[in-house]
Amino acid sequence: MTQPPAGREPAGGISAILGSLRRAPRRVRRGSRDVIENAVTQLFDAAVRQPNACSSSGEYRLDDLARLGGTTTRNIRVYRDRGLLHPPLRVGRVALFNDTHLTRLRLITSMLDRGYNIAHVHEMLSAWEQGKNLGDVLGLESAIAGTWATEKPEAMPLPEARRLIDDAGAFDRMLALNLLRVDGDTATVMRPRLLEAFREVRQYGVTADKLIDIHVAVSPLVDEIGEILVQAGAEHVQDIIKPGASLPDDTKIAELITMLVRFRTQAVASVAATLATSIESTIEGLVSQVLAEFIDKAGQSDEG
């Protein structure tokens with residue numbers, strides 16, 4: 001029997017909610033707006049609570065943690081052995097890590113990249129956990145939020161990349177869009193998170209071509225948003241550093257650079273929050289429309 005994709009609930013809360021609507025179409029028609037809004041809330045609550053949606057609930061297996069943290073499973077085992085990472089949750093024989101592990105792993109990787117050795121990292125993490133202010137010295141805020149390059153390209157054997165994409169036409173389109181690069185027998189995924197998002201959504205029957213079409217349509221709009229945000233930061237810098245005038249002292253320049261880095265972090269967070277709100281509202285509207293049609297058809301069936 002075919003199993004539903006991970007994260008999709010075959011017969012739990014979602015089915016119960018729809019079943020309830022189906023059984024009471026006349027009552028729904030009398031107060032359809034309130035009932036539909038309530039049903040939409042219940043549907044999304046049920047979807048969030050699904051136990052199989054590990055990628056949404058912040059639970060990761062070792063391989064997933066390594067990929068998201070930009071390191072290897074071997075390194076993670078070393079960090080665990082050295083006491084840098086807390087033990088994972090054990091579910092039977094499966095080790096599950098969470099967002100706390102991921103944040104800490106990114107922090108460890110960032111500090112090692114800065115040239116600190118494991119002993120120093122352990123000492124500084126311990127101090128950080130005790131509440132000492134290391135943020136200004138180590139850039140912990142930046143490390144937690146991610147490195148300056150949000151996504152690091154990921155190299156892999158060419159056959160593995162083809163297997164991950166699992167669509168020859170989509171593979172060629174991604175090459176043309178520079179989402180992939182191929183050098184001999186090695187493929188480099190330039191946008192690993194984008195590819196992972198494609199793979200997850202494709203589980204629900206959305207074609208790779210459709211997802212790439214969406215990417216092509218959205219990218220210019222995102223670039224436009226980026227230009228608006230960066231221009232705001234640039235105008236602030238130009239107000240302080242005048243063309244042809246003497247440069248301010250090093251402290252002021254350092255403050256400006258820090259401002260721009262934090263501006264980037266906060267701009268990403270703000271845009272993500274705004275976009276999430278917009279998408280949530282649009283999805284809820286779509287689901288409300290689908291439910292209204294579902295209820296109407298159920299009512300017609302009852303009358304028939």
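Okay, let's start with a detail: helices H12 and H14 cross in a left-handed way, where left-handed means the near helix is turned anticlockwise from the far one by less than a right angle, and right-handed means clockwise. Their axes come within 9 Å and cross at roughly 20°. Axes here are lines fitted to C-alpha atoms, for helices over the stretch in contact, with angles running from 0 to 180 degrees between N-to-C directions. So H12 is roughly parallel to H14; on this scale, under 35 degrees is roughly parallel, over 145 roughly antiparallel, 65 to 115 roughly perpendicular, and the rest oblique. Who touches whom? On the H12 side it's Ala170, Arg173 and Met174, and on the H14 side Ala208, Asp209, Ile212, Asp213 and Val216. Contact, by the way, means heavy atoms within 4.5 Å.

Let me back up and say what we're looking at. This is a predicted model, where local features need pLDDT of at least 70 and side-chain atom pairs count only at pLDDT 80 or more, while totals for chains, interfaces and linings use all residues. Residues are numbered from 1 along each chain as its sequence is written, and side-chain values use heavy atoms, with hydrogens and water left out.

The chain has 15 helices and six strands. Of the 304 residues, 27% are buried. Buried is under 20% relative accessible area, exposed is over 50%, and partly exposed is in between, using a 1.4 Å probe and protein chains only. If you take the contacts with a separation of 6 or more, 64% of them link residues 24 or more positions apart.

From H13 we have Leu194, Phe198, Val201 and Arg202, meeting Ala208, Leu211, Ile212 and His215 in H14.

While we're on H13, have a look at Glu196, which sits in that helix. Is Glu196 buried, exposed or partly exposed? It's partly exposed, because its relative accessibility is 25%.

Next, the loops. Asp166 lies between helix H11 (158–165) and helix H12 (168–176). Asp166 isn't a glycine, yet it has a positive phi of about 55°. Asp166 counts as exposed, because its relative accessibility is 59%. Then there's Asn178, in the loop between H12 and S5. Asn178 isn't a glycine either, and its phi is positive too, about 65°. With 38% relative accessibility, Asn178 counts as partly exposed.

That brings us to the last stop, the hairpin. Strands S5 (residues 180–183) and S6 (residues 186–189) run antiparallel and are joined by four bridges; for two strands to pair, DSSP has to find at least two bridges between them. Which residue of S6 is the bridge partner of Asp183? That would be Thr186. The hairpin has two residues between its strands, and Gly184 there takes a positive phi near 65°.
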